[in-house]
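Keep the viewer open as you read.

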Amino acid sequence: MFIDKAKITVKAGKGGDGAISFLHEKFIEKGGPDGGNGGHGGSIYFKATNDETTLINYRHARKVMANDGGKGAKKNMYGKKAEDIYLNVPVGTVIFKEPEHEFLCDLSKEGQTFLAAKGGRGGRGNACFVTSTNRVPRVAENGLPGEEKFLTLELKLLADVGLVGFPSVGKSTLLSVVSKAKPEIADYPFTTIVPNLGVCQVDDSSFVMADLPGLIEGASQGKGLGLQFLRHIERCRVLVHILDMSRENPLEDFNVINNELDTYGFNLLKRPMIVVCSKVEDVESTRKYLEIKKELEGKYDVLPICSILHEGIKELLYKIKDVLVDAPYFPLYEEKDQDIKVYNAREELKPEFEIKRTGAHEFRIYGERIERTYSLINISTDEGLMKLLSILRNIGVDEKLHEMGAKDGDTVILCDFEFDFFE
């Protein structure tokens, strides 16, 4: 079954918590803190491979989760790093982040990998918090949570040449003649309901040709099978526009399909296009071919073929080969560099926290930075709890609560932690 679109949630593993431990060994006095760090959580990668041809493996796999990192232990033992997960997808898969539908990556090369969800960093054990003034720290960090993302996977086939045109104009027949592909061929519209690929050999070179489901007027707005499969034309470097000479007005068909390609975007009409007049087998069809050639002369190469009789096929293949030599590549999206962090002054100047009144005597603290800080602190010990309250006081939470009219005994909530406010 050909599946070219899937939605999936990926959740990386949480980092392991750092340990709070003190060395206890015979004949060793004041061994000191020896709590080890937690291990990193598992990350989730996508990997492009030619061994896969569809996204059917993700049709029912709604969520993929990596394991959490191991907790730190005594004697400065680090927690075990969780194994990363590699998800194989077909070459040509494009990944978007939802709900913004933000482009993340185009896996267009064999073996290319993309980090979709990064595992959380392991927390530091109390051995890392020794200072000259605090020789026995009873505080450690929790591991950071792993990233969680809702993704859309779209397969956009890698083909050099795309066959476009109305239904039943002879696209599948042509592909079956010039390659070993065996698409379904019949005398009714929309015989082709999934894209078909074929490899065409011309002398010592070859190229991949894609037979796409027939387009109709309104395809770029989703009519027929257009919007569902137009995405597979996006990578094609050369378009072969097939016109059926047995239809009443092939030139009008040509303009209709070109309008749909232009409306769809992705610079489809800026790519080299070869116009092929199919079913040229009698006087009337020859007359129509000559009229179209005269009308489009100087703009497009117009070639006549009859796939059933194998007439004009050789000339068409050599023309495609010649055009491909100079045909440019059109990148679908601007690739992002995962290793470069862009400094955003506006983001850095944002306040560390925000407080909202959620009840007559209840306040809640929000903010990505303060919530991240809270997730790191192990508040299971008195020292850890005091560290959190000290941080909140230092960044001005007490002053802000006072300005908002908080009274003694009011409840303050940060994530899942609640405490009473007292001036």
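## A crossing of two helices

Helix 1 and helix 5 sit roughly perpendicular to each other, a label used for angles of 65 to 115 degrees (under 35 is roughly parallel, over 145 roughly antiparallel, and the rest oblique). Helix 1 covers residues 171-178 and helix 5 covers residues 313-326; they pack at about 85°, with axes 11 Å apart. Those axes are lines fitted to C-alpha atoms, for helices over the stretch in contact, and angles run from 0 to 180 degrees between N-to-C directions. Helices here are DSSP runs of H or I with at least four residues, strands are E runs of at least two, and both are numbered from the N terminus.

Who touches whom? On the helix 1 side you'll find Leu174, Val177 and Val178, which meet Ile313, Leu316 and Leu317 of helix 5; contact means heavy atoms within 4.5 Å. That makes six nonpolar residues, with no polar and no charged ones. For the classes, Ala, Val, Leu, Ile, Met, Phe, Trp, Tyr, Cys and Pro count as nonpolar, Asp, Glu, Lys and Arg as charged, and the others, Gly among them, as polar.

## What you're looking at

This is a predicted model, in which local features need pLDDT of at least 70 and side-chain atom pairs count only at pLDDT 80 or more, while totals for chains, interfaces and linings use all residues. Residues are numbered from 1 along each chain as its sequence is written, and side-chain values use heavy atoms, with hydrogens and water left out.

The protein has nine helices and 18 strands. Among contacts with a separation of 6 or more, 71% link residues 24 or more positions apart.

## Another helix pair

Helix 3 (residues 250-264) and helix 4 (residues 283-296) have axes that come within 10 Å and cross at roughly 45°. This pair is therefore oblique. Pro250, Leu251 and Phe254 of helix 3 meet Lys288, Ile292, Glu295 and Leu296 of helix 4. By class, this contact has five nonpolar, no polar and two charged residues.

Now for an open sheet of five strands, in the order 3-1-8-5-6 with mixed pairing. Two strands pair if DSSP finds at least two bridges between them. Strand 3 (63-65) and strand 6 (102-107) are at the edges with a single partner strand each, so one side of each has no neighbour in the sheet. On average, neighbouring strands are turned by 30° against each other, direction ignored.

Five of its six residues are buried, so strand 5 is largely enclosed by the rest of the structure. Six bridges tie strand 5 to strand 8 (residues 148-155), and the two run antiparallel. Strands 5 and 6 make a hairpin with three residues between them, and His101 in the turn has a positive phi of about 55°.

Is Leu104 buried or exposed? This strand 6 residue is buried, because its relative accessible area is 11%. Setting aside neighbours within four places in sequence, Leu104 is in contact with Ile95, Phe96, Lys97, Phe114 and Leu151. Phe114 is ten residues away along the chain, and its C-alpha atom is separated from that of Leu104 by 8.9 Å.

Another open sheet has four strands in the order 15-16-17-18, with mixed pairing. Its edge strands are strand 15 (354-359) and strand 18 (417-420), each pairing on one side only. Neighbouring strands here are turned by 25° on average, direction ignored. Strand 17 (residues 411-414) runs antiparallel to strand 18, and four bridges join them; Ile413, for example, has Glu418 as its bridge partner.

Helix 7 (residues 368-376) lies across strand 16 (362-366), strand 17 and strand 18, at about 95° to strand 16. Helix 8 (residues 382-394) also packs on the sheet, touching strand 17 and strand 18, and its direction makes about 75° with that of strand 18.

Terms used: Buried means under 20% relative accessible area, exposed over 50%, partly exposed in between (1.4 Å probe, protein chains only).
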